[in-house]
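Open the model in your viewer and keep the selection tool at hand. The stops below say what to pick next and what is there.

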Amino acid sequence: MGSLTAIWSRVFGLLGKVSMYRLVLSALGALAVIAFGASLFGVLVPTPLELVATLVVLAAACSVVDAAAQRVLKLPWRVESSLITAHILVFVLMPSTEILPLLGIAVAGAVASLSKYVLAWRGRHVFNPAAVGATVVTLTGLGTSAWWVGSPYLALPVLILGGIVLLRTEKVRIVAVFWVIAVAVAIMRTSVQYQQAGLQMAGADIVWQIVSASPFLFLGAFMLSEPLTLPPRRWQQLTVAAVVGVLAGWPIDLGILSLGQERALLVGNLVAFFFSWRAAVRLTLTERTALTPTARQLSFRTQRRLSFVPGQFLELEVPHHHPDARGTRREFSIVSSPEELPELRIAFREGGGPQSSYKKALAAVSAGDPLAVTGVWGDFVLPRRSQSPVLMVAAGIGVTPFVSQLTHMRLTGEQRDVVLVYVASESSELAFRDEIAASGVPVVVFTRDRPADLPAHWRWARGVRLDADGLLRVVPDIAARHAYISGPPGLIAELAPALERARSITTDAFSGY
């Protein structure tokens, strides 16, 4: 188990260096190339020319609408977003080379892109854009929703490429639940239909047909997993996955309307919106503070109350010209507790290597400037039972979610058995000493030099190396505790053998901004 955790931490670190948009676009582009190659052998429904013509029309339609909307809204145009929508639609709609069908396909692309701005709420689109475009043209008769991606010849590529995307978004479990439910329901539906028609078919044949020739994997990996249309908590995401799985596996006929794949996703999007409609707010920067030689804190005032649980993270958008591959949004753990609102604080490490376009833009934000939180997510939250002992392991600025949790405990009078292991390169890099000390929890400090004036309940791990064995030395009762670790993937991998002994492990890996 420890080796698996270590491997996953390293994989996550590598994937974290690629923007979500770039990764999804690369996966879809690779899938399009594979589909084109398969079409040359005549094993797919579309011909090579139909695929190329459809993709070109969709890319043009999506790009034109996105560019125009971004110009009107005075935002930088993100070409990856346009191309992602186009690539998803090419696998959902029926490709063609004829004029009228291509016009319908162009309408689908235009509607999909337009929905990002029209069907939006506080900076986040409510519905999956590709699902909106496919639904509109299908219901109006301008095009056909075919989902030809559900082919045995594409099943393995979709599984591999989609799996890479899901590893990056950490949505493997969510999509797995959706897929299992959708397949199970589809098997039931097919079996009932065969019985009603008086036909015979082996159960294994039914299962293989559904598993290999259904579009469920594509729907889950590239559409359901979209972060902007998922709710913030894991149980909410699982609920959405279950709803979409049932509706995708057994479409409900309502007259002319059939809740098929894309429309099943739209229903799930509505459920997700119900869970997260309060997640996006406007902020005003009030203060920029130096916490340590390399750590900075930004304090904001929220325009309305932001709903979050201590330990969760927010996505902060900083619009700027010529953004790099990772775009204009980044995720930050929330430092402050809900009780401190309307003040909201985040912190980050500054310096150390080349600066991203986002980091430069954030450094240029001045007091009084408005920014936007586009969502709050995460399950890095403490156990519901306050009697459950907890181990917190923080590296550097990874201490931020713990500061929120410890402050919440202090302000609400909540009593928990907590031990914090705090790792920093130098004692001068120990941020939030006063807030952590006020909580009264015991703290074990790992630094190269001896920190001065440590509080009575803090101790320096003199001569102890922070590896799996070292962690077991300073926290001998780790088996009785729920472990939470926030830091770079390398540290998580190093401590994995010890953390595996804990009652549970919750990680909050990060790879910079």
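**First stop: helix H17**

Select Pro-489, Leu-491, Ile-492, Ala-493, Leu-495, Ala-496, Ala-498 and Leu-499: these are the buried residues of H17. Buried means under 20% relative accessible area, exposed over 50%, and partly exposed in between, with a 1.4 Å probe and protein chains only. Now show the whole helix, residues 489-499. Eight of its 11 residues are buried, so the rest of the structure largely encloses H17. Helices (H or I, at least four residues) and strands (E, at least two) are DSSP runs, numbered from the N terminus.

**Before going on**

This is a predicted model: local features need pLDDT of at least 70, side-chain atom pairs count only at pLDDT 80 or more, and totals for chains, interfaces and linings use all residues. Residues are numbered from 1 along each chain as its sequence is written, and side-chain values use heavy atoms, leaving out hydrogens and water.

Color by pLDDT, the predictor's confidence in each residue, from 0 to 100. The protein's mean is 88, and 90% of its residues reach 70 or more. Where is confidence lowest, and where highest? It is lowest in helix H1 (residues 2-15), at a mean of 54, and highest in helix H14 (residues 400-412), at 97.

**The cores**

Select Phe-91, Phe-178, Phe-218, Phe-222 and Met-223. They have the most contacts inside the largest nonpolar core, which has 66 residues. Such a core is a set of buried Ala, Val, Leu, Ile, Met, Phe, Trp, Tyr and Cys residues joined through side-chain atoms within 4.5 Å. H2 gives the largest share of this core, 10 residues. Apart from it lies another core, of 28 residues, including Ala-394, Phe-402, Leu-420 and Ala-424.

Go back to Met-223. Leaving aside residues up to four places away in sequence, Met-223 touches Ile-88, Val-92, Asn-128, Ala-130, Ala-131, Trp-147, Phe-218 and Leu-265. Contact means heavy atoms within 4.5 Å.

**Out to the surface**

Select Phe-36, Leu-40, Phe-41, Val-43, Val-52, Val-56 and Tyr-153. They form a nonpolar patch on the surface, with about 710 Å² of accessible area together. Helix H2 (20-40) and helix H3 (48-72) each give two or more residues to the patch. Zoom in on Phe-36, in helix H2. At 32% relative accessibility, Phe-36 counts as partly exposed.

Like charges are joined within 9 Å, and nonpolar side chains (Val, Leu, Ile, Met, Phe, Trp, Tyr) within 5 Å. Accessible areas come from the Shrake-Rupley method with a 1.4 Å probe; for residues, only the protein chains shown count as cover.

Definitions and conventions
Patch = residues over 30% accessible without salt bridge, like charges linked within 9 Å, V, L, I, M, F, W, Y side chains within 5 Å. Salt bridge = Lys/Arg side-chain N within 4 Å of Asp/Glu carboxyl O.
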